[in-house]
Amino acid sequence: MSATGGMHRPVRAALLLAVAATAASLAGCEVADDVGLSPAAAGPSARSYPARAPLPALDPELAAAQARNLLELDAVLGSPEGLLFGGSGGIGDTSSGGLATSGIITRAGQYKVTAACVGAADAHLSVTQGARQGGTLLERNFDCGSVAEALIDLLPGTASAHLIRYGDGGPEPRTGAVAGVRISFNESGQ
């Protein structure tokens, strides 16, 4: 070994050559995403997903009925003070159609649950938290056209509300039935 670098000089030179070779090989590469490219144009790394069947188109009359029902529902439910979470939407034409919404409870306390439905005879509401927070806290059937209200105690964690069309769908199917629920902190304590 010499005082001017000895064995280190050849190692440094080899490292420098390896870095230079890598840089030179990458210089000719171009980076492009494969968005919008066909699998053949994008190359072998292109992602390929199975084709999905298109969603069935909503009958224009049914869509109009659902829109009218949602406007009526929003007028009935409104947006209460202390609103924590809520949701509204179609509940289908059978008892299997429904809607679910959830939110995070940050503080324990008493909460007001308000639900309503339009376009069906009746609906079923359930509010749940995980088993550690109490499981199912509220189950109630109610007539559409009226507002169902209840007070429940919630603990910190996730709470969920589920609304389904109740019964056999009634005498008039395809009414654009909708339902909604609002859960708000009960500031008044009543």
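Q: Contact means heavy atoms within 4.5 Å, so which residues is N69 in contact with, leaving aside its neighbours within four places in sequence?
A: V118, G119, T175, G176, A177 and V178. Bear in mind that this is a predicted model, where local features need pLDDT of at least 70, side-chain atom pairs count only at pLDDT 80 or more, and totals for chains, interfaces and linings use all residues. Residues are numbered from 1 along each chain as its sequence is written, and side-chain values use heavy atoms, with hydrogens and water left out.

Q: Why is N69 called buried?
A: Buried means under 20% relative accessible area (exposed is over 50%, partly exposed in between, with a 1.4 Å probe and protein chains only). N69 comes out at 11%, so it counts as buried.

Q: What does the side chain of N69 have 3.1 Å away from one of its polar atoms?
A: The backbone oxygen of T175.

Q: Where does N69 sit?
A: In helix α3.

Q: What makes β1 and β8 a pair?
A: Two strands pair if DSSP finds at least two bridges between them. β1 and β8 (residues 178–185) have seven, in the antiparallel sense, so they pair. As one example, S88 has G180 in β8 as its bridge partner.

Q: What does helix α3 pack on?
A: Helix α3 (residues 60–77) packs on the sheet and touches β1, β3 (109–118), β6 and β8.

Q: In what order do the strands of that open sheet run?
A: The four go β1-β8-β3-β6, with antiparallel pairing.

Q: Why are β1 and β6 called edge strands?
A: β1 (83–90) and β6 (147–154) each pair on one side only.

Technical notes. Helices (H or I, at least four residues) and strands (E, at least two) are DSSP runs, numbered from the N terminus. Contact means heavy atoms within 4.5 Å. Axes are lines fitted to C-alpha atoms, for helices over the stretch in contact, and angles run from 0 to 180 degrees between N-to-C directions. A polar contact is a pair of N or O atoms within 3.5 Å; within protein, one must be able to donate a hydrogen and the other to accept it, and residues adjacent in sequence count only if both atoms are side-chain atoms.
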